[in-house]
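User: I'd like to learn how to read helix packing and nonpolar cores in a model. Could you walk me through it?

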Amino acid sequence: MSDFDRFCAGTALLLGAVLLVFGAFVAVRWSMLLGMYPALVGWGIIQAVRVSWNAPLPEEPPVPVDEAAFSLTAPTLLAELVEVDGCTRLRVWCDHCDEDHYHGPAPGHREAHCTDAGSPYWRDGYNLAVD
Ligand SMILES: [Zn+2]
């Protein structure tokens with residue numbers, strides 16, 4: 001929980017406590033029915049803060065999103081950065097198709113661009129490592 005989250009939780013807790021006490025005061029002093037509403041709202045805020053304070057933190061993703069993802073089952077092919085029609089691409093030589101396949105410029109796992117289902121890359125694709 002960040003400092004801002006703690007600040008917001010503390011402010012909400014304070015507001016909830018004020019509403020709860022105010023509701024109790026109104027209920028005792030004037031009307032039970034009228035005091036019940038702010039007291040219930042205050043109690044609800046306090047409960048929400050309590051539940052969120054005790055909630056487990058979200059798990060970190062297994063692979064950081066700012067890093068390339070590689071498949072452990074797919075082979076790794078060496079690719080090189082090239083310019084194609086003004087766009088930077090990764091060019092990889094496919095020894096099955098006997099031709100180059102082009103992909104986006106970031107290294108990592110890719111679906112194979114082979115058109116033949118008999119390609120060894122058909123099922124798991126391949127990882128591209130930049131030369
Ligand atoms: Zn291919």
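User: At what angle do the axes of helix α1 and α2 cross?

Analyst: This is a predicted model, where local features need pLDDT of at least 70, side-chain atom pairs count only at pLDDT 80 or more, and totals for chains, interfaces and linings use all residues. Residues are numbered from 1 along each chain as its sequence is written. Two packed helices are described by the angle between their axes and the distance between the axes. Here the axes of α1 (residues 3-29) and α2 cross at roughly 155° and come within 7 Å. That makes the pair roughly antiparallel (an angle over 145 degrees). The crossing of α1 and α2 is left-handed.

User: Where does Tyr-37 lie, and why does Tyr-37 count as partly exposed?

Analyst: Tyr-37 lies in α2 (residues 32-54). Tyr-37 counts as partly exposed because it has 13 C-beta neighbours inside 10 Å (buried takes 20 or more, exposed 12 or fewer, partly exposed is in between).

User: Which residues form the largest nonpolar core?

Analyst: In soluble globular proteins, nonpolar side chains tend to be buried together. A nonpolar core joins buried Ala, Val, Leu, Ile, Met, Phe, Trp, Tyr and Cys residues through C-beta atoms within 7 Å. The largest one here has seven: Ala-79, Leu-90, Val-92, Ala-112, Tyr-121, Tyr-126 and Leu-128. Strands β2 (87-94) and β5 (126-130) each give two or more residues to this core.

Conventions:
Helix = DSSP H or I, 4+ residues; strand = E, 2+ residues; numbered from the N terminus. Axes fitted to C-alpha atoms, helices over the stretch in contact; angles between N-to-C directions. Parallel < 35°, antiparallel > 145°, perpendicular 65-115°, else oblique. Left-handed = near helix turned anticlockwise from the far one by under 90°.
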